[in-house]
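Please look through the sequence and the model shown here before reading on.

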Amino acid sequence: MKKLGTLIAAILILCGGLYAYAKHLEKAQGFSGNNTITLYNWGDYIDPSLIKKFEKETNYKISYETFDSNEAMFTKIKQGGTAYDLTIPSEYMIQKMIKEKMLVPLDKSKIKGLNHIDSRFMDLAFDQKNTYSIPYFWGTLGIIYNDKYIKASDMQHWNDLWRPELKNNLMLIDGAREVMGLSLNSLGYSLNSKNQTELAEAAAKLSTLTPNVKAIVADEIKMYMIQEESAVAVTFSGEASEMLDNNEHLHYVIPSEGSNLWFDNFVIPKTAKNKEGAYAFINFMLEPKNAAQNAEYIGYSTPNKDAMKYLPKEIANDKQFYPSDETMSHLEVYQDLGADYLAIYNDLFLEFKMYRK
């Protein structure tokens, strides 16, 4: 027993020494509780050089972590453990986090640069008066097609996805809201529908799409379309932008009958420990030159109207990614459907995936 006690004591001393060394290393690298900002973001969703620039211009250091879905982000913040100072959820999840009282109301007196944000993207239903969030990026859901296999006139609407010549040549993004939404839009219904008859009709129509579906995937769509392994895909505008950069035969279309208009916004979780640092980073990203640099690097659309003059003209004038007001008027933002209806959407989508012909 005496030897065991000695061994335990030695282990405890070793652990204490390692902990102290880790803290010393963090301090030596400039990381401490007062000057570290813990940012929780989507993967590959910021120009890394901007983080370095921010750290160089300020006394702050960024501790960067990533998530791959709104739901994963929500669960981790809800469970606690890591005190994230800033995160970037999508609009429907912001709505849910507000209901769950997980966010800090923003102190607008500490935010510099809100005047740079296009008024079209402020004061929206999911966060009226932007009480809790500041726009970061926005975009659409649409169709990407290869002109070597599909004529432009044959791929302008959601119903074109059902063309028989697309048999085993269509890729869909792996998302219940997106796939159910495009079917609802193709029938003239809202992609936020809670009408059971409309949902059943949309699911039934999807079942007739299955012969055309080659795969239901996520990020892999980029590689497949660039390498011309499929003629058509449904994807987000930012992903499409990267594909177009790598294959001149690819084109992106927003169906005129309607589609999703999405937003990813900065929010400060209630568990944040460095709110001052969070505000500093928001202000930095609101600067037009920084916003333009970030948009050019990522490929998604910036809500910063004053950043547009710093973007290359071929980007700023591209109607595929900065659509007209008329096109915008037909777009819808995803609403928080609530647990019951979200489960219905997920179940119908799962059934579609499981019983593809």
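## The chain as a whole

The protein chain has 13 helices and ten strands, where helices (H or I, at least four residues) and strands (E, at least two) are DSSP runs, numbered from the N terminus. This is a predicted model, in which local features need pLDDT of at least 70 and side-chain atom pairs count only at pLDDT 80 or more, while totals for chains, interfaces and linings use all residues. Residues are numbered from 1 along each chain as its sequence is written, and side-chain values use heavy atoms, with hydrogens and water left out.

Along its principal axes, the C-alpha trace of the protein chain spans about 75 × 60 × 40 Å. Of the 357 residues of the chain, 50% count as buried; buried means under 20% relative accessible area, exposed means over 50%, and partly exposed lies in between (1.4 Å probe, protein chains only). Among the contacts with a separation of 6 or more, 75% come from residues 24 or more positions apart, a contact being heavy atoms within 4.5 Å.

## Two packed helices

Two packed helices are described by the angle between their axes and the distance between the axes. Helix 6 (residues 196–207) and helix 13 (residues 338–354) pack at an angle of about 20 degrees, with axes 10 Å apart; axes are lines fitted to C-alpha atoms, for helices over the stretch in contact, and angles run from 0 to 180 degrees between N-to-C directions. That angle makes helix 6 roughly parallel to helix 13, since angles under 35 degrees count as roughly parallel, over 145 as roughly antiparallel, 65 to 115 as roughly perpendicular and the rest as oblique.

Helix 6 contributes Gln 196, Leu 199, Ala 203, Leu 206 and Ser 207 to the contact, and helix 13 contributes Tyr 341, Ile 344, Tyr 345, Leu 348 and Phe 352. These residues divide into eight nonpolar, two polar and no charged, where Ala, Val, Leu, Ile, Met, Phe, Trp, Tyr, Cys and Pro count as nonpolar, Asp, Glu, Lys and Arg as charged, and the others, Gly among them, as polar.

Leaving aside its neighbours within four places in sequence, Phe 349 is in contact with Ile 173, Asp 174, Gly 175, Ala 176, Val 179 and Ile 216.

## Aromatic pairs

Rings of Phe, Tyr and Trp (its six-membered ring) pair if their centres lie within 6.5 Å, and planes under 30 degrees apart count as stacked, over 60 as edge-to-face and the rest as tilted. By this rule the count comes to 22 aromatic pairs. The rings of Phe 126 and Phe 263 have centres 6.1 Å apart and planes at 35 degrees, so this pair is tilted. Phe 126 sits in the loop between helix 4 (91–99) and strand 4 (134–146), whereas Phe 263 sits in strand 9 (residues 259–266), so that the pair links distant parts of the chain, 137 residues apart. Both Phe 126 and Phe 263 are buried.

In the pair of Tyr 136 and Phe 266, the ring centres are 4.9 Å apart and the planes stand at 65 degrees, so the pair is edge-to-face. Tyr 136 lies in strand 4 and Phe 266 in strand 9, so the pair ties together parts that are 130 residues apart in sequence. Tyr 136 counts as buried at 6% relative accessibility, and Phe 266 counts as buried at 3%. Ring pairs also join a cluster whose members include Tyr 45, Phe 54, Tyr 136, Trp 262 and Phe 266.

In helix 10 (residues 288–298), the residues Pro 288, Asn 290, Ala 291, Ala 292, Asn 294, Ala 295 and Ile 298 are buried. What covers them includes helix 2 (48–57), strand 4 and helix 9 (275–286). Just after helix 10, Gly 299 takes a positive phi of about 100 degrees.

## Positive phi in loops

Most residues other than glycine have a negative phi. Asn 168, which is not a glycine, has a positive phi of about 55 degrees; Asn 168 lies in the loop between strand 4 and strand 5 (170–173) and is partly exposed, with a relative accessible area of 44%. Glu 228 has a positive phi near 60 degrees, and its place is in the loop between helix 7 (220–226) and strand 7 (232–236).
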